[in-house]
Structure formats: structure tokens, C-alpha cells
Amino acid sequence: MKIKLLFLSFILVFASCTSKSNSPEFIKKAAGRYYFNADEIIEVTFNENNKLLIKWRNQNLEPLKVNDSSFYVRELNEKLIFNTSHNKIELAEKREHEGKKYVFKKLKKGEKTPSEHLADGNFEAALKGYKAIKVKDSLNPVIRERNMNRLGYQYLRKDEFENALNVFKINIELYPNSSNTYDSTADAYTRMKDTVNAIEYYKKALAINPENRSSKRNLEKLTLKKEE
């Protein structure tokens with residue numbers, strides 16, 4: 001705690017000697033969207049007084065200017081270093097990082113994350129994006145099966161059926177040998193009262209794993225209901 005307070009005191013003293021205004025050139029180059037991870041964004045903007053602002057995970061942050069390229073974010077206890085010539089932000093190194101370097105690259109104009117393509121209803125672009133993540137890093141948390149599945153059910157709980165189906169079908173593309181991905185897709189069709197497709201996907205789930213109890217149970221219910 002003492003180290004953190006000393007660091008903050010140093011930042012405040014240093015910042016007091018630095019011009020609070022950001023140059024038009026810096027504003028032009030620094031403003032934009034940066035990858036926090038493969039599917040999440042940090043957005044950098046400037047207000048009417050040319051003060052740098054950051055939006056991240058629904059938080060509106062107001063970093064303290066340290067010098068012409070560095071800003072201290074109190075909420076995160078991190079110093080952001082802008083490298084505008086290479087379109088990236090770096091975190092200043094510190095002991096807590098344990099030697100790992102954190103670099104956030106700027107998105108090109110019009111570039112979107114896979115989840116943003118999903119929200120726009122662009123299934124093909126979203127699928128391409130998630131596949132690219134898997135090729136680059138098959139262990140990336142963004143494309144873990146359970147995380148994708150959780151995202152699909154989030155859409156399902158909000159009755160956003162098309163988005164839910166798209167997520168589940170992307171999960172099938174990423175993990176074609178998983179019984180659970182087909183089971184989840186069947187759940188979405190069940191919620192949509194599309195019995196034909198629900199039965200088809202429960203059967204696909206059972207073809208991969210005959211012991212999938214959820215698929216067994218739900219398939220029996222739908223089959224009986226269809227026969228009535």
C-alpha cells in the first residue's frame with residue numbers, strides 16, 4: 001500500500017510539471033479503438049477540453065496525464081504509454097506484471113471484433129474472426145468452448161434467439177466433436193419452438209456422446225410431445 005501511495009505521489013508531482021493540454025497531432029493519432037484482448041475493446045476519446053478519456057468494460061475512466069505520451073489510470077493503478085507511431089498502447093512495466101509485457105494494438109478504420117460482428121448479425125464475419133483467433137492461439141480464453149457456450153445462453157436468456165443460435169453454431173464449428181455444442185444448439189431451437197431442428201441437434205449430440213443425459217431427457221420429451 002505504501003509503495004502504491006509513493007508511486008501515486010510521484011505521478012502527481014511529475015504531472016504537475018507537465019502541460020495538461022494534448023496536442024492536436026497527438027489527439028488525432030491516439031484517438032480510436034484498441035484491442036484489450038482478441039474480442040474486447042479499449043476506446044480512447046478526447047473531450048471538448050482535449051482531455052483524454054477511456055471507455056473500458058462499461059467504465060468511463062479519466063486518466064491523469066503524466067507526460068505527452070503517458071497517462072496514469074488510478075482505477076487500474078496502471079500507466080498507459082502511447083506509441084502513436086506504431087499505433088499501440090503499452091502498460092508501463094512493474095513488478096506485479098511478473099515480466100509480462102502488455103501491448104494493446106489499435107484497430108484499423110472499420111475493423112470490428114468477432115463479438116461485434118455477432119451483434120450486427122454478421123455470422124460469417126464473426127465465424128471468420130473466431131476461427132482466426134483459434135488458429136493464432138488455440139488456448140485463448142475468448143474461444144474456449146464453455147465461454148462461447150456461456151455467451152450463447154446469455155443471448156438465449158434475453159430471447160435474442162438469432163444471436164444465440166449464431167454463437168452455438170460457431171461453437172460447433174470450433175469444436176465439432178463436442179456433444180455439448182449440439183445440445184446447446186438444440187436448447188435454442190427448443191426455446192424457439194422449432195421441434196424439428198431441436199430433435200435433429202439432440203440426436204447429433206447423442207451421436208457423439210450417447211451418455212449425454214440432457215440430450216436424452218430433452219429428446220424423449222420432444223419425441224413424446226410430437227407423437228401426441
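The chain carries 42 positive and 31 negative side chains, and the centres of these two sets sit 4 Å apart. The model is a predicted one, in which local features need pLDDT of at least 70 and side-chain atom pairs count only at pLDDT 80 or more, whereas totals for chains, interfaces and linings use all residues. Residues are numbered from 1 along each chain as its sequence is written, and side-chain values use heavy atoms, with hydrogens and water left out.

As for the overall build, the chain holds nine helices and nine strands (DSSP runs numbered from the N terminus, with H or I over at least four residues for helices and E over at least two for strands). The radius of gyration is 23 Å, well over the 17 Å that the globule rule gives for 228 residues, so the chain is more spread out than a compact globule. That radius is taken over C-alpha atoms, and the rule is 2.2 Å times the number of residues to the power 0.38. Along the principal axes, the C-alpha atoms fill a box of roughly 80 × 35 × 30 Å.

Some 38% of the 228 residues count as buried (under 20% relative accessible area, with exposed over 50% and partly exposed in between, using a 1.4 Å probe and protein chains only). The accessible surface comes to about 14300 Å², and carbon and sulfur atoms own 52% of that surface; the areas come from the Shrake-Rupley method with a 1.4 Å probe. Turning to contacts (heavy atoms within 4.5 Å), 42% of those between residues at least 6 apart in sequence join residues at least 24 apart.

Back to the charges: side chains of opposite charge can pair when their charged atoms come close. A search of the whole structure turns up 12 salt bridges, each being a side-chain nitrogen of Lys or Arg within 4 Å of a carboxyl oxygen of Asp or Glu. One of them joins Arg 33 to Glu 116, with the closest N and O atoms 2.8 Å apart. This pair links distant parts of the chain, from strand 1 (residues 32–37) to helix 3 (residues 114–119), 83 residues apart. Arg 33 is partly exposed at 25% relative accessible area, and Glu 116 is partly exposed at 23%.

Another bridge pairs Glu 40 with Arg 57, the closest N and O atoms being 2.4 Å apart. Glu 40 lies in strand 2 (residues 40–46) and Arg 57 in the loop between strand 3 (52–56) and strand 4 (59–61), so the pair ties together parts 17 residues apart in sequence. Glu 40 counts as buried at 18% relative accessibility, whereas Arg 57, at 47%, counts as partly exposed.

Finally, the backbone has a couple of spots to look at. Most residues other than glycine have a negative phi. Asp 159, however, has a positive phi near 60°, and this residue lies in the loop between helix 5 (145–157) and helix 6 (161–174). Lys 193 also has a positive phi, near 65°, and lies in the loop between helix 7 (179–191) and helix 8 (195–208). Asp 159 counts as partly exposed at 45% relative accessibility, while Lys 193, at 75%, counts as exposed.

Note on methods. Lys, Arg positive; Asp, Glu negative; His and termini not counted. Charge placed at Lys NZ, Arg CZ, Asp CG, Glu CD.
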